[in-house]
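The following exercises concern the architecture of a two-chain assembly. Please work through each task before reading its solution.

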Amino acid sequence: MKRLITPLTGADVEDLRVGDRLLLSGKVYTARDAAHKRLVDLIEQNKPLPIDLEGQVIYYVGPAPARPQAVIGPAGPTTSYRMDPYTPPLLALGLKCMIGKGPRSPEVLAALKEHRAVYCAAVGGAAALLAKHIKQARVIAYPDLGTEALRELVVEDFPVIVVNDCHGGDLYEEGAARYRRTGSTD
Amino acid sequence: MRQISCAEIVRTVSSLCLKANSELGPDVMCALEGALAQEESPVGRDILRQILDNHRLAAEEGIPMCQDTGMAVVFLELGQDVHIVGGDLTEAINEGVRQGYTEGYLRKSVVADPLRRVNTDDNTPAVIHIQVVPGNRLKITVAPKGGGSENMSALAMLPPAAGEEGLRRFVLEQVERAGPNPCPPVVVGVGLGGNFEKVAYLAKKALLRPLGEEHPDPFYARLERELLTEINDLGIGPQGLGGRITALAVHIEVYPCHITGMPVAVNMNCHAARHQTAVL
């Protein structure tokens with residue numbers, strides 16, 4: 001188990017390998033489909049983004065509503081492929097890590113290698129547990145998007161697993177191949 | 001004729017929405033414990049421990065186990081000797097969902113229109129299935145269904161010649177195609193027979209059967225066991241990161257069908273195999 005503090009440095013990322021179990025602490029931003037579309041629209045119009053992405057982490061999550069006195073509601077990862085079309089331009093601006101669940105497109109995997117970044121999985125459906133690792137949460141852009149607003153979280157020992165490292169490793173491929181006992185159904 | 005009031009139905013549906021989102025049945029927890037005992041992958045075991053911790057925490061604190069608190073699927077077994085009074089049954093169910101999701105801080109995940117996509121802000125309407133049965137009771141089951149697993153479901157109108165091998169192949173293809181997306185370990189609901197709309201309903205209904213309970217027909221019980229082994233041999237594993245346990249169970253529900261066809265449907269459920277029932 002490795003502990004890492006965000007924002008991540010180039011050296012942090014180079015050291016990571018698929019299958020590494022990480023505990024992340026520090027600032028993490030949340031964004032899903034609608035917020036991604038807005039960020040990429042701004043990039044295409046050469047306008048400034050509401051956040052500086054250099055070294056940062058984006059967590060794909062749409063939390064459930066927070067109860068009174070709670071920092072945030074249950075907050076597990078959503079399926080990542082929906083963000084694939086928007087991801088390479090964010091990586092080009094220095095984004096170093098994304099947290100979600102499920103495989104990414106070949107374009108995203110190529111961009112991870114090119115821009116030296118990683119993709120991590122959090123456990124889907126472990127939302128109550130993951131929310132306990134979120135110590136602060138505030139909406140910093142797009143409040144009209146509700147659960148999909150862009151939030152800044154402060155996390156402590158947030159557990160993730162490296163699925164795609166910057167060296168081309170892919171745990172979805174390698175993990176399933178290691179435990180497979182049959183031929184493909186294709 | 002026994003009377004049941006809409007007010008009671010509203011209260012019951014509302015409390016079932018809350019309970020289903022925070023408490024899994026002992027059958028599911030038991031299956032997850034069994035998965036942890038069998039899993040060989042260290043990453044897979046770590047994931048299963050997190051899942052078990054999460055589900056216990058949610059039940060203890062009465063909070064949702066997953067931020068995707070789903071679209072509410074409501075199954076009613078309505079006794080034919082029951083008279084529903086004091087309002088509209090469908091509206092009572094939706095009012096129960098509205099109250100449960102709003103007062104229980106559950107996520108509102110329903111849009112009013114599939115193309116224009118404006119959130120209804122109260123998680124209504126529910127998807128409602130009503131079956132009229134003998135008797136004077138009303139059995140209500142609420143099964144909140146998340147998007148990640150629902151999106152990985154599929155239906156095919158296979159020819160009769162496809163046979164058992166065709167069924168097997170279709171189910172395995174869907175699990176493999178779904179990979180990590182439906183949050184494995186999954187429960188695989190399989191509908192077989194009926195017609196186009198019936199087979200999808202059967203696949204959904206198969207998800208309600210308690211884990212550990214086999215099909216009453218030994219022929220299908222065997223098929224369920226064999227399919228489970230074949231699915232777990234795919235190696236997809238917990239969260240798709242590789243391992244022995246990809247599915248906790250395969251449930252097949254069957255109905256007679258037309259001589260020309262063999263409809264088959266696969267409805268995936270994530271490890272948060274949520275449903276709660278009350279009888280009025």
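Angles under 35 degrees count as roughly parallel, over 145 as roughly antiparallel, 65 to 115 as roughly perpendicular and the rest as oblique. The model used throughout is a predicted one.

**Exercise 1. Determine how helix 1 of chain B is oriented towards helix 4 of chain B, and list the residues that form the contact.**

Solution. 

Step 1. Two packed helices are described by the angle between their axes and by the distance between those axes.

Step 2. For helix 1 (residues 6-22) and helix 4 (residues 89-103) of chain B, the angle is about 40° and the axes are 7 Å apart.

Step 3. Helix 1 of chain B and helix 4 of chain B are therefore oblique to each other. Their crossing is right-handed.

Step 4. Helix 1 of chain B contributes Cys6(B), Ile9(B), Val10(B), Thr12(B), Val13(B), Ser14(B), Cys17(B) and Leu18(B) to the contact. From helix 4 of chain B come Leu89(B), Ala92(B), Ile93(B), Glu95(B), Gly96(B), Val97(B), Gln99(B), Gly100(B) and Tyr101(B).

Step 5. Sorted by class, the contact between helix 1 and helix 4 of chain B holds eleven nonpolar, five polar and one charged residues.

**Exercise 2. Describe the packing of helix 6 of chain B with helix 8 of chain B.**

Solution. 

Step 1. The axes of helix 6 and helix 8 (residues 218-232) of chain B cross at roughly 35° and come within 10 Å.

Step 2. The crossing of helix 6 and helix 8 of chain B is right-handed.

Step 3. On helix 6 of chain B the contact is made by Arg168(B), Val171(B), Leu172(B) and Val175(B), and on helix 8 of chain B by Leu227(B), Glu230(B) and Ile231(B).

Step 4. This contact of helix 6 with helix 8 of chain B has five nonpolar and two charged residues, with no polar ones.

**Exercise 3. State how chain B is divided into domains and what joins them in contact.**

Solution. 

Step 1. Domain 1 of chain B covers 2-20 + 65-145, and domain 2 covers 148-273.

Step 2. The C-alpha centres of the two domains of chain B lie 26 Å apart.

Step 3. Eight residues of domain 1 and seven residues of domain 2 of chain B take part in the contact.

Step 4. On the domain 1 side, strand 5 (residues 138-145) of chain B supplies the largest share, three residues. By class, that side has four nonpolar, two polar and two charged residues.

**Exercise 4. Characterise the side of chain B that touches chain A.**

Solution. 

Step 1. The interface brings 43 residues of chain B into contact with 39 residues of chain A.

Step 2. Helix 3 (42-61) and helix 6 (163-178) of chain B are the elements that give two or more residues to this side. Helix 3 of chain B gives the most, with nine residues.

Step 3. The chain B side divides into 19 nonpolar, 15 polar and nine charged residues.

How values were computed: Residues numbered from 1 in each chain as written. Chains lettered and ligands numbered in written order. Predicted model: local features only at pLDDT ≥ 70, side-chain atom pairs only at ≥ 80, totals over all residues. Axes fitted to C-alpha atoms, helices over the stretch in contact; angles between N-to-C directions. Helix = DSSP H or I, 4+ residues; strand = E, 2+ residues; numbered from the N terminus. Left-handed = near helix turned anticlockwise from the far one by under 90°. Contact = placed C-beta atoms within 7 Å. Nonpolar A, V, L, I, M, F, W, Y, C, P; charged D, E, K, R; others polar. Domains from an automatic or database assignment.
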